[in-house]
Structures are given as structure tokens and as C-alpha cells.
Amino acid sequence: MNIRPRRNRKSEAIRSIIEETKVTTDDFIFPLFLLEGASDKVEVDSMPGICRLGIDQMLKEIEECLKLGIKSFDVFPVVPEHYKDKTATKSFDDDFFYQKALRKIKQEFPEAAIMTDVALDPYSSDGHDGIVKDGKILNDETLEVLGKQALSQAACGIDIIGPSDMMDGRVGYIREMLDDNGYTDVSIMSYTAKYASAFYGPFRDALDSAPKSGDKKTYQMNPANRREALIEADLDMNEGADFMMVKPALAYLDVIRLLKDNYSLPIAAYNVSGEYSMLKAAGAKGWLDYERVMQETLLSIKRAGADIILTYHAKEFAKLNS
Ligand code: PBG
């Protein structure tokens, strides 16, 4: 035997010099859920360890995360039912508690990269990402609301806008709105290949944003399709996206690799709520070693080609590795 691969595994030092993939806190965007009550803090039942936070609590959380090396955050609002309506008007109300909180966050931590989600669902009485009429999701009418929402968020000083709605033409529409209003510096991270997945369940618990009727299959992609992701990616590339995202991550590692090999934009992967909860549940049962499977999971997403990982594990990972 003149070839013995085990020679390269014989010690920690050797293993570390040949290590191909490293996950660090530089890779993370940490999703946060904002509550209206400034000092409120409520754990999400289906996401142990993740709390919905009022703005005062959130500022503390961001400060802690920055100290741990996490520099980017994606802030989602938990919108009380009485604010919701058919056309998601609160989503572009500059005086809404969400917009006020965003301005505070940027004021307090100008060095942090803050991302926001653009879609109607948290603000919609129908719980859909677009405007619903006679049971149908209207594409072009929805674009107008998405544009206004993006502008309202950009005006808060947000760094990255994340359209997660999967309407056709939204990246180009939002890019033009932003540019026409002087926000040429605001980036767009498109949810390029966003699948109609059952892994979003706990997120919809967190935001109380589940669809009131029907499902999201007429706009989110069919989990069976891979090549279709290339159509979405071409569009996003041409419409001016700065980053492309694949969502969820784990059941779609092949799609992450596909986009990585075919496009030069940075690729993000959203390690979604259900993926987080699965590991937490198995860890709590004592069936899996949570800390190890969590790190192995993040490694797999990076190895598949993700440059950026949106993950609820970010803070725990940072603590373990600091
Ligand atoms: C809103 C949105 C969703 C997620 C991010 N933005 C839910 C959905 O599309 O139903 C899911 C994130 C997660 O599960 O962690 N459009």
C-alpha cells in the first residue's frame, strides 16, 4: 500500500491544515423576531431558545451578538392581528412599530448589517405573501405593495432588502423603486429559489403568519424541481439582485451547489425554522448531540456552496466557538 489516506487524519494538527471548509461567525445572518411591546420577551414554543423580542430586548440581543462576532441580522415583525388587512398597509407605514424599531437599531448599531423581509404575509389578514382576490394571489398588484414596503424599509437605513414573496418581476420592480428614490446603495438579497416547504412551520408560529386558507404553491417553488431554480436565478441576475438565496437549506443542498456553480453572485442559504427545531427536539430528547449535529449541519451548508448562512443557530455556534 503506497496510498494511505489515514496519514492525513493522524492528528488534530494535520487534520486542521487539510480542512477544506470552515464555518465562522462571518458567514452568519441571525434572524430576529420583533414584538411591539418594547420590553417584552416571549419564547417561541416550537423553537426552543429563540425568543420574540421587544425593541429594548432586541437592542440588548444585538449588542451581545456583535460581541460574539455576529454582524448581520434579519429582523421580522410579529404583527398583532388587529393591524392586519387585505393589502398589508402597515407594511409601508413609516410610523409603524417595526419601522421605528429599525431606525433605532441602525442608529444604535450603524456598523451592523440589517436586513429586512419584503412580503405581505406578516401584515396580511389572508396570511399570504401577495394580495388575495377570489382565492388567487395577484402578481402585478402585489408588486406595488412590495415596492412601497421596500421603500419604507430603505428609509429606515436598512442595508439589505430581502424579497421573500416569489412574485414574478419583484426584484427588478424593487430595484427600480429604490434607485428612483435615491437608495442606490441598498442591496437586494433575493429569495431566488424559495420552495413551498413544510419546514417553515415554526416560523409561522413565531409570527402568527400562516395562510388563513390555501397554500403557497402557486408562488413558491415545487420541492421536486431543480432546473426551475436556474430560471429564477437568471431573472434575479438580470433584474439586479446582489445576492441569491436558496431556502430551505438542508433538503436543498443540491440547489445551493447548482447556483454556486452557475452564478458568480454570493449565494446565501436559509437554514429555516423547521430545520432548527428538528435538531433542538432531537437534542432535548437525548437522541442526538445537539452541539455536534448543529455544527455538522452548518458545515454541510457551507460545503454545498453557501457563502452566507441565515441561521437560528448563529448565537449558539458563536458561543461554542469563541
Ligand atoms: C415570509 C417568510 C417565511 C420565511 C421567511 N420569510 C415564511 C413563508 O414563506 O411562509 C420562513 C423562515 C423560516 O422558516 O425560518 N414570506
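Q: Which residues surround the ligand?
A: This is a predicted model, where local features need pLDDT of at least 70, side-chain atom pairs count only at pLDDT 80 or more, and totals for chains, interfaces and linings use all residues. Residues are numbered from 1 along each chain as its sequence is written. Taking a residue as near when its C-beta atom, placed from the backbone, lies within 6 Å of the molecule, the ligand is surrounded by D117, A119, D121, D129, S164, Y200, F203, R204, V272 and S273.

Q: Which residues does UniProt list for "active site"?
A: The entry is unreviewed, positions follow the numbering used here, feature names are shortened, and annotations may be inferred rather than shown by experiment. The listed pair is spread over 54 residues of sequence, yet the largest C-alpha distance is 4.9 Å. The names in the entry are K194 and K247.

Q: Is K194 buried or exposed?
A: A residue is buried if 20 or more other C-beta atoms, placed from the backbone, lie within 10 Å of its own, exposed if 12 or fewer, and partly exposed in between. K194 has 27 C-beta neighbours inside 10 Å, so K194 counts as buried.

Q: Which residues does K247 touch, not counting those up to four places away in sequence?
A: K247 has 24 C-beta neighbours inside 10 Å, so K247 is buried too. Contact means that two C-beta atoms, placed from the backbone, lie within 7 Å. On that basis, K247 touches Y191, K194, Y195, Y270 and V272.
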